[in-house]
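Please examine the sequence and the structure shown below before reading further. The briefing that follows is arranged by topic.

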Amino acid sequence: MNNAETESELQKTMMGHLKADRRRKLILNLVILALLILAPAVIYATFLMKILCFALFAVAFNLLLGYTGLLSFGHAAFLAAGGYTTGYLLSSYSGLTTEMGIIAGTAAATALGALFAIVAIRRQGIYFAMITLALAQLVYFVFVQAPFTGGEDGLHGVPRGHLFGFIDLENNVAMYYFVLAVFVGGYLLVQRIVNSPYGQVLKAIKQNEPRAVSLGYNVDRYKVIAFVISAGLAGLAGSLKTVVFQLASLNDAHWHMSGEVILMTLLGGTGTLLGPVVGATFVVNLEYQLSQGPLGDWVDPILGAIFVLTVMAFRSGIVGEIQNFMRKNMS
Amino acid sequence: MSDPFVLETQNLVKEFKGFVAVDDVNLKVQRGHIHALIGPNGAGKTTVFNLLTKFLIPTRGKILFKGMDITSMKSAAIAREGVVRSFQISAVFPHMTALENIRVALQSFEGNSFAFWKSGDSLNRLNDRCMELLDSVGLADFAHTTTVELAYGRKRALELATTLAMEPELMLLDEPTQGMGSEDVDQVVELVRKAAQGRTVLMVEHNLSVVSKLCDRISVLAQGSILTEGDYQEVSEDPRVREVYMGGAAATEQEAAE
Ligand SMILES: Nc1ncnc2c1ncn2[C@@H]1O[C@H](COP(=O)(O)OP(=O)(O)OP(=O)(O)O)[C@@H](O)[C@H]1O
Ligand SMILES: [Mg+2]
């Protein structure tokens with residue numbers, strides 16, 4: 001009896017910890033948001049936008065890897081599908097407002113995601129990764145050949161246009177805050193999803209798929225939906241990127257890009273919401289720093305070495321390791 | 001409803017590349033029974049469970065649940081019909097709390113939910129029922145403990161509560177006492193007895209003292225086919241059963257139980 005009482009006391013304090021944990025995360029997110037709002041005053045806005053686009057891409061990817069347990073090796077296809085669609089439409093139809101171009105790009109990536117998902121979803125583990133890679137290579141070759149992508153050259157001079165028809169995005173400040181708003185929206189959407197009843201099922205599938213099946217869950221359908229949402233958000237990131245840099249290129253569709261988003265996510269920490277953001281920030285920065293210095297030709301091997309180090313030595317990633325450290329030292 | 005058998009297999013066969021793991025099994029499980037499926041290692045018991053829940057596709061034969069042919073149904077659909085299994089290796093969601101484990105089952109019981117836009121707080125209405133279930137297996141005090149941190153016996157109790165959350169008509173338990181100390185075993189016996197009220201249980205069990213305490217009927221599987229069936233008395237006196245099964249360690253276990 002006495003024992004039971006002390007144990008439920010323990011449970012109460014644990015509940016308290018959970019609430020405090022939530023509050024801490026909220027405060028942290030608000031601080032980061034405040035910093036992002038102020039950042040263009042000190043950091044070049046275009047560089048920040050690059051980070052935000054890749055961060056959104058990695059957040060989208062992490063919905064699959066971190067919360068569903070699916071490793072896609074083909075996410076470049078969705079980034080590029082979004083980018084090319086938006087780039088082509090905004091270049092060809094001057095009447096189109098920017099957000100319509102972005103919505104169309106997102107829709108195209110979502111549809112492509114549905115196709116991928118239907119083909120790949122029943123495969124497990126490495127086979128799933130291989131099929132997504134193969135499909136993405138197929139898409140790559142379509143983009144090389146298709147008349148609307150500009151082939152090897154890509155699409156250049158895509159007009160940023162006017163948001164809602166009246167906010168001139170040639171203004172870099174306006175462009176930045178638009179990108180920030182979209183990023184925050186995407187981030188909040190993923191946060192909402194992983195905490196939703198549906199997200200709870202995704203976690204269950206990731207942690208023990210046969211058990212989820214034995215509890216009556218049609219796991220394939222859950223995975224397909226997660227895949228399609230992830231592809232759509234990756235497309236959104238690609239569309240944004242095209243508008244920001246006014247170009248869409250084959251680089252975005254290359255398997256390198258699929259590998260890079262895996263690295264960003266692993267490095268930052270899978271299964272945490274902030275991890276991919278931190279990972280993307282780190283990688284984009286590193287690539288920039290290296291390209292400025294004498295090590296410019298060594299970007300790929302250095303990224304590769306970081307990849308190996310992450311997988312072997314600190315699997316929880318930057319954010320995950322910090323969380324583990326705090327947990328150990330706070331209780 | 002006049003059919004006394006909840007579950008029936010007809011000439012069930014499973015071959016793995018020429019190796020016959022389940023050989024022409026006709027199993028009938030009576031409503032309300034706790035029915036044991038016993039047999040030596042490799043006899044095909046887990047394979048039978050995998051066939052019944054369609055984790056494996058039968059090579060031949062039929063599976064009837066309440067007279068309905070479920071042979072071509074998918075795993076998830078069978079679970080929603082009311083046939084819920086546990087696994088030989090403990091099957092929990094390790095990085096969720098005990099309460100969340102149960103809640104995932106309750107969510108499924110309410111119907112598949114693809115509502116990814118809904119707030120997670122909408123699940124809190126299930127918490128009272130979760131606590132009831134946790135309490136019924138003595139885990140109320142561990143509701144907010146992450147499952148990996150639970151002791152083995154408690155994980156298995158949690159698994160049972162999770163299965164019960166589905167309110168299955170037929171519960172399939174694959175060695176619920178495997179790897180447990182005698183104290184935990186006694187507890188599981190009580191839990192299964194309680195859980196079996198108002199439903200049917202088919203369980204694989206190596207511990208014959210558990211079988212003798214719990215089970216109304218026993219089917220003995222050897223090399224994929226049913227060797228004999230009956231109550232504990234009949235089966236334990238059958239010389240063929242002693243030969244294939246009670247030869248070594250099992251016989252001593254039985255003596256220890258008496
Ligand atoms: N997927 C599979 N592929 C090939 N052979 C298999 C497969 N699953 C089971 N088997 C074989 O079928 C036979 C029966 O295995 P099963 O796991 O059903 O035995 P069991 O009665 O549950 O044994 P235990 O008491 O050890 O759990 C074994 O010889 C096993 O090697
Ligand atoms: Mg077995």
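The secondary structure of chain B consists of ten helices and eleven strands. The model described here is a predicted one.

**Overall form of chain B**

- The C-alpha trace of chain B spans about 60 × 40 × 40 Å along its principal axes.
- Chain B has a radius of gyration of 19 Å, which agrees with a compact globule, because a globule of 258 residues would have a value near 18 Å.

- Thr46(B) has an N or O atom in its side chain that is 2.7 Å from an oxygen atom of ligand 1.
- For His206(B), a polar side-chain atom lies 3.1 Å from an oxygen atom of the ligand.
- Ala43(B) takes part through its backbone: a polar backbone atom of this residue is 3.2 Å from an oxygen atom of ligand 1.
- On its own, ligand 1 has 640 Å² of accessible area, and the protein covers 62% of this area.

**A nonpolar patch on chain A**

- Ile37(A), Leu38(A), Val173(A) and Tyr177(A) make a nonpolar surface patch of about 370 Å².
- Helix 1 (2–38) and helix 6 (172–195) of chain A each supply at least two residues of this patch.
- Val173(A), one of the patch residues, has its place in helix 6 of chain A.

**Salt bridges**

- Side chains of opposite charge can pair when their charged atoms come close.
- Over all chains, the count comes to 14 salt bridges.
- In chain A, the side chains of Lys223(A) and Glu209(A) meet in a salt bridge, with an N to O distance of 3.2 Å.
- This pair links distant parts of the chain, 14 residues apart: Lys223(A) is in helix 9 (residues 219–245) of chain A, and Glu209(A) is in helix 8 (residues 209–214) of chain A.

Technical notes:
Residues are numbered from 1 along each chain as its sequence is written. Chains are lettered from A and ligands numbered from 1 in the order in which they are written. This is a predicted model: local features need pLDDT of at least 70, side-chain atom pairs count only at pLDDT 80 or more; totals for chains, interfaces and linings use all residues. Side-chain values use heavy atoms; hydrogens and water are left out. Patches are made of residues with over 30% relative accessible area and no salt bridge: like charges are joined within 9 Å, nonpolar side chains (Val, Leu, Ile, Met, Phe, Trp, Tyr) within 5 Å. Accessible areas come from the Shrake-Rupley method with a 1.4 Å probe; for residues, only the protein chains shown count as cover. A salt bridge is a side-chain nitrogen of Lys or Arg within 4 Å of a carboxyl oxygen of Asp or Glu. Helices (H or I, at least four residues) and strands (E, at least two) are DSSP runs, numbered from the N terminus. A polar contact is a pair of N or O atoms within 3.5 Å; within protein, one must be able to donate a hydrogen and the other to accept it, and residues adjacent in sequence count only if both atoms are side-chain atoms. The radius of gyration is taken over C-alpha atoms; the globule rule is 2.2 Å times the number of residues to the power 0.38.
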